[in-house]
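Hi,

Here is the structure I promised to pass on. Have a look at it first, and then read my notes below.

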Amino acid sequence: SDAEGRFEIKGLKSGEYTLEEIKAPKGYAKIDGVSFIVNSTSYSAEDEIKYNPTDSANTAKQIVNKKVTIPQTGGIGTIIFTVAGLALMLGAAYAIKKNREEA
C-alpha cells in the first residue's frame with residue numbers, strides 16, 4: 001500500500017471476492033471480510049483509480065480500519081452511583097436499626 005493506505009489488486013478473474021485481513025496492525029481492530037465484485041467493466045489498464053467520499057462515481061472502495069480503544073472508567077457517573085448506593089445502604093441500615101428499637 002502507499003503512504004495513504006491505498007492499494008490495488010490486478011489479475012483477478014470475473015467473480016465475487018472477499019478481502020480478509022489475516023493480522024491487524026498493532027493498535028487496530030481486525031477487519032471482517034470486505035466483499036467486492038470483479039467484472040469486465042470494473043477495471044482496465046487505462047483507468048485511474050479514484051476515491052472521493054462525496055463522489056458517486058468512485059472506482060475504489062474505502063475500508064475503515066478502527067483503532068482499538070478501551071472504554072473509559074471512573075468518570076462522574078461512577079461517583080454519582082457510588083453516592084447513591086451509599087445513601088441507599090445508610091437508609092436501609094437506619095430503617096433496620098429503627099425496627100429493632102421498636103420491637
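Is Ile 80 buried or exposed? Ile 80 counts as exposed, because its relative accessibility is 53%. For that label, buried means under 20% relative accessible area, exposed means over 50%, and partly exposed is in between (1.4 Å probe, protein chains only).

Before going on, some ground rules. This is a predicted model, in which local features need pLDDT of at least 70 and side-chain atom pairs count only at pLDDT 80 or more, while totals for chains, interfaces and linings use all residues. Residues are numbered from 1 along each chain as its sequence is written, and side-chain values use heavy atoms, with hydrogens and water left out.

Now the overall picture. The protein chain has one helix and two strands, in the order β-β-α along the sequence. Those elements are DSSP runs numbered from the N terminus: helices are H or I with at least four residues, strands are E with at least two. As for confidence, the mean pLDDT of the chain is 78, and 75% of its residues reach 70 or more; pLDDT is the predictor's confidence in each residue, from 0 to 100. Among the elements, α1 has the highest mean pLDDT (91) and β2 the lowest (82).

Of the 103 residues in the chain, buried ones make up 3%. The chain exposes about 9500 Å², with carbon and sulfur atoms supplying 57% of that; areas come from the Shrake-Rupley method with a 1.4 Å probe, and for residues only the protein chains shown count as cover.

Back to Ile 80, which sits in helix α1 (residues 76-102). Together with Ile 76, Ile 79 and Val 83, Ile 80 makes a nonpolar surface patch of about 420 Å². Patches use residues with over 30% relative accessible area and no salt bridge, joining like charges within 9 Å and nonpolar side chains (Val, Leu, Ile, Met, Phe, Trp, Tyr) within 5 Å. A salt bridge here is a side-chain nitrogen of Lys or Arg within 4 Å of a carboxyl oxygen of Asp or Glu.

On to the strands. How many aromatic pairs does a search of the whole structure find? It finds one. Tyr 17 and Phe 36 have ring centres 5.8 Å apart and planes at 20°, so the pair is stacked. Rings of Phe, Tyr and Trp (its six-membered ring) pair if their centres lie within 6.5 Å; planes under 30 degrees apart count as stacked, over 60 as edge-to-face and the rest as tilted. This pair links distant parts of the chain, since Tyr 17 is in strand β1 (residues 15-19) and Phe 36 in strand β2 (residues 34-38), 19 residues apart. Tyr 17 is partly exposed at 24% relative accessibility, and Phe 36 is partly exposed with a relative accessible area of 24%.

Glu 16 is also in strand β1, and counts as exposed at 60% relative accessibility. Leaving out residues up to four places away in sequence, Glu 16 touches Ser 35, Phe 36 and Ile 37, where contact means heavy atoms within 4.5 Å.
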